[in-house]
Amino acid sequence: MQHDLNSLKSRLENIWKPADFERIFTSSKRPPHLIRQKTILFSDGDPLDKLYLIKEGFVKLYRLSEEGKETTIYPYGPGDVLGLRALISKDRCTKHNAECLTDIKVMILSHQEFFNLTLRQPKYLIDLMHLCLNRLLYTETRLEAFITTDTTSRVAIFLDYCMKRFGKETDSKVTLPIILTHQLIAEFIGSVRETVTLALHKLEKEKILEIEKGRITILDAKALKEYCL
C-alpha cells in the first residue's frame with residue numbers, strides 16, 4: 001500500500017513528464033488498426049466511447065463554421081491520444097472532426113476499459129491530467145500568438161511545436177515527417193495560404209528552413225525560436 005502511495009506521489013510531483021500511454025493501451029491485447037488516409041475517425045457531435053492512441057501517422061482535429069470554413073485545432077501524431085474530450089465531458093460526445101492526414105495505425109481502448117484500469121492504477125489519472133495540461137498550454141500559446149504576433153511568428157511557433165513534438169534530427173537538421181502544404185499550415189494558424197507562402201519564403205531566404213516537395217526541414221532551430229518570442 002505504501003509503495004503504491006509513493007508511486008502515486010512521485011507521478012504527481014512529475015506530472016510534467018510525458019505519459020507512456022502505450023503501456024495502458026497494450027493491456028487490451030488488441031493489435032493496432034490500420035486506417036487509411038482521409039478517413040474521418042469521428043465528427044462533431046458524435047457519441048464516442050473509446051480512446052485512440054496513434055502508433056503511426058498523423059491526424060488533424062478541426063471544426064467547421066456555419067459557412068463551411070475549416071479551422072484546424074490540433075495536429076496529432078505518434079504517441080498522441082484522440083477522443084479525450086468525450087471521455088471527460090458530461091455528454092460523452094465529440095466537439096471536433098478528426099481526419100487522417102496519412103495512413104495511420106491506432107490502438108483502441110474503450111472508456112470502460114480505461115476506467116477499470118484507473119481503479120487498479122490511479123496514476124493513470126495523473127497521466128490523463130498531463131494530457132489535459134499539455135492541451136491547455138498549447139491552446140494558451142496559440143491564443144497568445146493570435147493576439148500578439150504576425151503571420152511569420154505564428155508560422156514559426158507552429159513549426160517549432162511540430163519540430164519538438166514530431167521532428168527527426170539528422171546532422172543538426174530537423175525534418176518534419178509529415179507533408180505540410182501552405183494551405184494546411186494556414187488552417188492550423190488561422191491565416192490564409194497566400195500570407196503563409198510569403199512567411200515561409202521569408203524563413204527560407206534567411207536559411208532557417210528549406211522546403212522540398214512539401215517536406216520541411218529546420219536548418220536553424222535557434223533562429224526559428226527567435227521568431228517565436
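In this predicted model, strand β11 (residues 209-212) and strand β12 are joined by 4 bridges and run antiparallel. Within this pairing, I211 stands opposite I216 of β12. The two strands form a hairpin with 2 residues between them, and K213 of this hairpin adopts a positive phi near 55 degrees. Strand β12 (residues 215-218) also pairs with strand β10 (residues 173-175), again in the antiparallel sense, over 2 bridges. Here V174 has I218 in β12 as its bridge partner.

Another set of strands forms an open sheet: 4 strands are arranged in the order β1-β8-β3-β6, with antiparallel pairing. The edges of this sheet are β1 (33-35) and β6 (81-82); each has a single partner strand, so one side of each is left without a neighbour in the sheet. Strand β1 is joined to strand β8 (residues 104-110) by 3 bridges, and L34 has K105 in β8 as its bridge partner.

| Strand pair | Bridges | Sense |
|---|---|---|
| β11 and β12 | 4 bridges | antiparallel |
| β10 and β12 | 2 bridges | antiparallel |
| β1 and β8 | 3 bridges | antiparallel |

Helix α4 lies across β3 (50-56) and β8, and runs at about 65 degrees to β8. Residue H111 belongs to this helix, which spans residues 111-120. The relative accessibility of H111 is 4%, so H111 counts as buried, the cut-off for that term being under 20%. Beyond its neighbours within four places in sequence, H111 is in contact with L48, D49, K50, L51, G83, A86, L87 and R92. For one of these residues, K50, the backbone nitrogen lies 3.4 Å from a polar atom of the H111 side chain.

A further helix, α7 (residues 182-189), has 6 of its 8 residues buried and is therefore largely enclosed by the rest of the structure. The buried residues are L184, I185, A186, E187, F188 and I189.

Notes
Residues are numbered from 1 along each chain as its sequence is written. This is a predicted model: local features need pLDDT of at least 70, side-chain atom pairs count only at pLDDT 80 or more; totals for chains, interfaces and linings use all residues. Side-chain values use heavy atoms; hydrogens and water are left out. Buried means under 20% relative accessible area, exposed over 50%, partly exposed in between (1.4 Å probe, protein chains only). A polar contact is a pair of N or O atoms within 3.5 Å; within protein, one must be able to donate a hydrogen and the other to accept it, and residues adjacent in sequence count only if both atoms are side-chain atoms. Contact means heavy atoms within 4.5 Å. Two strands pair if DSSP finds at least two bridges between them. Axes are lines fitted to C-alpha atoms, for helices over the stretch in contact, and angles run from 0 to 180 degrees between N-to-C directions.
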